[in-house]
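Have the viewer open as you read, and follow along residue by residue.

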Amino acid sequence: SKYVGYADGTKYAGPIQDELAVDLTKDTDSIKREIVAIDALKFRNEVEQLGQLDKRIIDREIKKAWAGFKSSHLATDAKNPLAIATGRWGCGAFKGNSQLKFLIQWIAASLCCRKMIFFSFGDENLKEANDIVKKYSKSKVPMY
C-alpha cells in the first residue's frame, strides 16, 4: 500500500503495484519480493520500554512476526523459500529495543525455516547482526 506520514500519523494512500518481481535463482541483484506489514507496540516511556522484556510481550511479538513471515505466498516453496529482508521493526518512533526486536524476528524467521537478511540502518548495536545470523545458521546449534 502507498502511505503518507509516520508513526501515529501514518495514513493509507492507496494501493501500490510492484512490477519488479524478478527471480533470484540466477546470479543477479534482483529479487522476487512481497511486502508484509506487521504492527508494532509503542513504548512511550522508560517504564513501558522495560515492559517489552516481559515474556508475554515477547511471545506476542514472536507470534506476530511469525504470522507475517509465514503468511507470505513466497514462503510456501518448501525447497527454496525466499529470505526475509527486515530491519528495526518498531524501534524508531515506537522506541522498541533494537537488539530484542532483532532476536524476535530471527526466532520467527527460524520458525518459518526462512533465511533472514537484517538491515540495521546504521544502528551501532546491530552492526554485526547479519554476521551473527550467518555464524549460527551454519553451526550445529539447533535453531527452532
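Two residues are taken to be in contact when they have heavy atoms within 4.5 Å. Please keep in mind that this is a predicted model.

**Lys101 and its surroundings**
- Is Lys101 buried or exposed? Its relative accessibility is 2%, so Lys101 counts as buried.
- Apart from neighbours within four places in sequence, Lys101 is in contact with Glu61, Trp89, Cys91 and Gly96.
- Cys91, another of the contacts of Lys101, is itself buried, with a relative accessible area of 7%.

**Helix H3 as a whole**
- H3 has 14 residues and spans 20 Å from its first C-alpha to its last, close to the 20 Å expected at 1.5 Å a residue.
- Because 10 of the 14 residues are buried, H3 is largely enclosed by the rest of the structure.
- The buried residues include Ser98, Leu100, Ile104, Gln105 and Ala108.
- As a reminder, an α-helix has 3.6 residues a turn, so residues three or four places apart point the same way.
- At the N-terminal end, Asn97 caps H3, with a side-chain oxygen 3.0 Å from the backbone nitrogen of Gln99.
- After the helix comes Cys113, whose phi is positive, near 55°.

**Aromatic pairs**
- How many aromatic pairs does the structure hold? There are 2 aromatic pairs.
- In one of them, the rings of Phe102 and Phe118 have centres 5.1 Å apart and planes at 75°, so this pair is edge-to-face.
- That pair links distant parts of the chain, since Phe102 lies in helix H3 and Phe118 in strand E4 (residues 116–118), 16 residues apart.
- Both partners are buried: Phe102 has 5% relative accessibility, and Phe118 has 4%.
- Ring pairs join Phe102, Trp106 and Phe118 into a cluster.

**Cysteines**
- The count of disulfides is 0.
- Cys113 is exposed, with a relative accessible area of 64%, whereas Cys91 is buried.

How values were computed. Residues numbered from 1 in each chain as written. Predicted model: local features only at pLDDT ≥ 70, side-chain atom pairs only at ≥ 80, totals over all residues. Heavy atoms only, no water. Buried < 20%, exposed > 50% of the residue type's maximum accessible area, 1.4 Å probe, protein only. Disulfide = S-S within 2.5 Å. Phe/Tyr/Trp six-rings, centres within 6.5 Å; stacked < 30°, edge-to-face > 60°. Helix = DSSP H or I, 4+ residues; strand = E, 2+ residues; numbered from the N terminus. Expected span 1.5 Å × (residues − 1). Polar contact = N/O pair within 3.5 Å; in protein donor to acceptor, adjacent residues only side chain to side chain.
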